[in-house]
There are 2 protein chains.
Amino acid sequence: MVRSAKTKRSSNSSRQIRDPEATQQQILDAAEEEFSKHGLSGARIEAIATRAGVTTAMIHYYFENKEGLYKTVLQRPATECHDVLHELNLENLPPEEALKTLIRAAIAYEAAHPRRGMLWFQEANQNQGKYFKLGNWQETFAYIIKVLERGIAEETFRQLDPFVTCIQIIGICTFYFNAHENIKHITPDVDRLSPEMIEKYTQAAVNLILAGVRA
Amino acid sequence: MVRSAKTKRSSNSSRQIRDPEATQQQILDAAEEEFSKHGLSGARIEAIATRAGVTTAMIHYYFENKEGLYKTVLQRPATECHDVLHELNLENLPPEEALKTLIRAAIAYEAAHPRRGMLWFQEANQNQGKYFKLGNWQETFAYIIKVLERGIAEETFRQLDPFVTCIQIIGICTFYFNAHENIKHITPDVDRLSPEMIEKYTQAAVNLILAGVRA
DNA sequence: GTCTATAATACGATAGAC
DNA sequence: GTCTATCGTATTATAGAC
């Protein structure tokens, strides 16, 4: 079976292949999942190594120690979220359109990275956001807040606290995914992560939020 | 310093006092905090024991092992949440009033138990809700869903998916607290857990949700 | 750059004294 | 009912061969 060295390297078959970038990427992916589940303190280097198909020595070679790996893992979604919002060019859309676009993008991002929300909850509750501070989240939040402020100024949106509303929007867009493994036991017959159900949730979120903020 | 055996027993001063109920309660409180931060696998029995002012042997004596303690910890909020909703007698209020009452109660509960939300996120993501299933959450959710269904039937609320809206409401009411330790770094000058700020958030949540669901 | 082997510590659980 | 002491195992991190 042919396999590009840049793509996935399965755990057992291919050792001793030298591809530093691929190795680091595999470690980061595995670490993101492990840290999401267990946070910094609970994550097991051995588990990350196994999932990535490398040895624990490799992890220490590239990332010094568990904390170094953790910091690197947190950085990726921080910059990604910022870039996603930046590239939406929300400032060129009327407030209602911008808000709709924003909600759709946020939920799509959650659906594409269903584990990442937990990464931040772990960080908040285990480390009091000590490493969260290192990201450029203030700027990322500002994209959302500006849309709301613009809507208030134009009187499309009612008088509301932009920051508080921003938090509420993020809560709506993320809870569905972060709590999914519990929620699925409430309605076991429905696969709420299917594309159809996610689209349904997205539409419902747009409806609730837009009706909720309109003047 | 006089101290009731039923109240808190500080870690270092008072050992060897026999008060089984107080001891169990202290272990449960300490365990709730530890499990909230680290989940089942990441929690340290030693840390729970220290926080509770007992030895690890005591924990094994009362709860058999870590899993037994975990199950007992999860049960408390499950029954409490159900009871809180039950005692609100929502069925006696018109839908809008019921929804308002519900939101206020949910946020007040979160504010009183700011760690418990994480307990469920840990459970969802570490154990896929295996122990969540043991609670009576289906019934608890039903209280909220019934309010929404009643509002739709009376045409006070627009046509919406009651379950999905229920999830959205919980997301709004909980995210603020679960993510607080990260959020506080975005606006470091504001104490968002002060009574005034929590009341402000509550009012904003009522406004958003009621405007969001109205016909 | 990757591996094997191992040192050093941390943790869950139990036995047995009081 | 509570404590001290300890066994066995799991885990992080490093040293050194290839």
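Me: Which residues does A:R116 touch, leaving out those up to four places away in sequence?
Reply: A:R116 touches A:E32, A:R76, A:P77, A:E80 and A:Y109, where contact means heavy atoms within 4.5 Å. This is a predicted model, in which local features need pLDDT of at least 70, side-chain atom pairs count only at pLDDT 80 or more, and totals for chains, interfaces and linings use all residues. Side-chain values use heavy atoms, without hydrogens and water, residues are numbered from 1 along each chain as its sequence is written, and chains are lettered from A and ligands numbered from 1 in the order in which they are written.

Me: Is A:R116 buried or exposed?
Reply: A:R116 counts as buried because its relative accessibility is 5%. Buried means under 20% relative accessible area, exposed over 50%, and partly exposed in between (1.4 Å probe, protein chains only).

Me: And where is A:R116 placed?
Reply: A:R116 lies in helix α6 of chain A, residues 116-127. Helices (H or I, at least four residues) are DSSP runs, numbered from the N terminus.

Me: Now A:E110: which helix holds that one?
Reply: A:E110 is in helix α5 of chain A, residues 95-112. With 9% relative accessibility, A:E110 counts as buried.

Me: What does A:E110 touch, again not counting residues up to four places away in sequence?
Reply: The contacts of A:E110 are A:C173, A:T174, A:F177 and A:N178.

Me: How many Å separate the C-alpha atoms of A:E110 and A:I144?
Reply: They are separated by 16 Å, and the two residues are 34 residues apart along the chain.

Key
Helix = DSSP H or I, 4+ residues; strand = E, 2+ residues; numbered from the N terminus.
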